[in-house]
Amino acid sequence: MRIGAALAGIALLLPSAGHAWGYYAHGITGEIAQANIRPETRAKLDRLFAAEPLIGTPDCPLGNLVEAATWPDCIRREGWRWGYTSAWHYQTEPVTEDYDVRKNCSGGNCVSAQIERNFRILADESLPANVRLQALAFVVHFTGDIHMPLHSGDLDDRGGNDREAAYGIAPGLNLHWIWDGPLAERAITSARPSLVRRYTAAERAELAGGTPADWGRESWETARDFVYPNAFGRSPLDGPLPDETVMTQQAIEAAIPVSERRVTQAGLRIADLLDRAMEPGPLPEPARD
């Protein structure tokens with residue numbers, strides 16, 4: 001019985017259809033944002049969510065912030081309609097080279113540029129509600145994506161997807177999947193106090209702030225300085241790393257607070273973006289050429 005239960009538990013960790021940061025972690029960032037936006041922001045968002053039927057994605061609901069956080073992954077099932085958005089979820093740059101927010105972003109097809117673009121669409125009250133609602137979902141989801149370290153830093157391995165890794169006794173995973181799924185889920189469920197709560201002004205000052213370019217750099221640095229060294233026992237700056245590894249229990253325990261911080265920062269920064277987008281006044285100037 002014990003062996004059967006253990007094997008069943010391992011099966012739950014095995015990759016299914018790949019989704020950045022997993023539905024669970026993305027949903028938690030939406031819950032954090034929901035708990036920290038202003039009441040007037042919440043009221044304005046509720047009016048946008050009323051336009052959900054006009055989006056035309058009945059199999060991918062978009063009626064609240066948690067659903068907004070996962071909607072851009074859900075719609076990727078319909079590649080014929082939404083395939084052009086695939087490149088918007090990441091912006092991986094080699095951790096062995098200098099960071100440049102404009103690299104790997106031809107035509108604005110990268111996560112940092114799409115946060116900026118969709119933020120401006122969301123803020124434009126002259127646009128139809130359904131257009132703004134779609135932009136809202138992209139803002140919420142992509143802000144989560146850019147906080148996952150392996151969406152910004154890699155070693156010519158598709159953000160760790162090509163690095164086979166065992167998660168403790170669970171084999172057959174890869175480094176990206178571990179950070180997307182089981183590691184993020186453990187960080188969230190073990191957090192005390194809960195990550196979903198109202199944060200103090202001091203906490204928000206310490207955890208939030210910055211721009212998409214800043215967030216991408218943070219993730220890239222985290223991949224370089226922690227994710228790869230933690231998984232492989234040495235820095236990628238010291239030479240090529242093997243194609244496979246085992247994340248020991250010690251490595252997993254060390255990674256939990258790093259993952260927890262990135263999820264928290266994503267949720268609070270989503271809240272800040274939504275508050276700013278719903279403020280009256282002139283539209284933000286485009287940040288990119």
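Axes here are lines fitted to C-alpha atoms, for helices over the stretch in contact, and angles run from 0 to 180 degrees between N-to-C directions. Helices (H or I, at least four residues) and strands (E, at least two) are DSSP runs, numbered from the N terminus. The model is predicted, so local features need pLDDT of at least 70 and side-chain atom pairs count only at pLDDT 80 or more, while totals for chains, interfaces and linings use all residues. Residues are numbered from 1 along each chain as its sequence is written, and side-chain values use heavy atoms, with hydrogens and water left out.

**View 1. Helix 2 packs against helix 12 (residues 249–277).** The two axes are 8 Å apart and form an angle of about 50°. This makes helix 2 oblique to helix 12; angles under 35 degrees count as roughly parallel, over 145 as roughly antiparallel, 65 to 115 as roughly perpendicular and the rest as oblique. The crossing of helix 2 and helix 12 is right-handed. A crossing is right-handed if the near helix is turned clockwise from the far one by less than a right angle, and left-handed if anticlockwise. Contact means heavy atoms within 4.5 Å. On helix 2 the contact is made by Ile28, Thr29, Ile32, Ala33 and Asn36; on helix 12 it is made by Val263, Thr264, Ala266, Gly267, Leu268, Ile270, Ala271 and Asp275. By type, the residues of this contact divide into 8 nonpolar, 4 polar and 1 charged. Ala, Val, Leu, Ile, Met, Phe, Trp, Tyr, Cys and Pro count as nonpolar, Asp, Glu, Lys and Arg as charged, and the others, Gly among them, as polar.

**View 2. Helix 2 (residues 22–36) meets helix 9 (residues 182–190).** Their axes come within 8 Å and cross at roughly 40°. Helix 2 is therefore oblique to helix 9. This crossing is left-handed. Tyr24, Ala25 and Ile28 of helix 2 make the contact with Ala184, Glu185, Ile188 and Thr189 of helix 9. The residues of the contact comprise 5 nonpolar, 1 polar and 1 charged.

**View 3. Helix 4 (residues 65–74) is largely enclosed by the rest of the structure.** Of its 10 residues, 8 are buried; buried means under 20% relative accessible area, exposed over 50%, and partly exposed in between (1.4 Å probe, protein chains only). The buried residues are Leu65, Ala68, Ala69, Thr70, Trp71, Pro72, Asp73 and Cys74. Their cover includes helix 2, helix 3 (39–49), helix 5 (79–82), helix 7 and helix 12. At the start of helix 4, a side-chain oxygen of Asn64 reaches to within 3.1 Å of the backbone nitrogen of Val66.

**View 4. Trp71 is a buried residue of helix 4.** Its relative accessible area is 1%. Not counting residues up to four places away in sequence, Trp71 touches Ile55, Thr57, Cys60, Pro61, Leu62, Trp82, Gln134, Ala137 and Phe138. Trp71 and Ala113 are 42 residues apart along the chain, and their C-alpha atoms are separated by 19 Å.

**View 5. His141 lies in helix 7 (residues 129–147).** With 0% relative accessibility, His141 counts as buried. Its side chain makes a polar contact with the side chain of His89, at 3.2 Å. A polar contact is a pair of N or O atoms within 3.5 Å; within protein, one must be able to donate a hydrogen and the other to accept it, and residues adjacent in sequence count only if both atoms are side-chain atoms. Leaving aside neighbours within four places in sequence, His141 is in contact with His26, Ala68, Ala69, Thr70, Pro72, Asp73 and His89.

View 6. Most residues other than glycine have a negative phi, and most peptide bonds are trans. Asn104 is partly exposed, with a relative accessible area of 46%. Asp156 counts as exposed at 75% relative accessibility.
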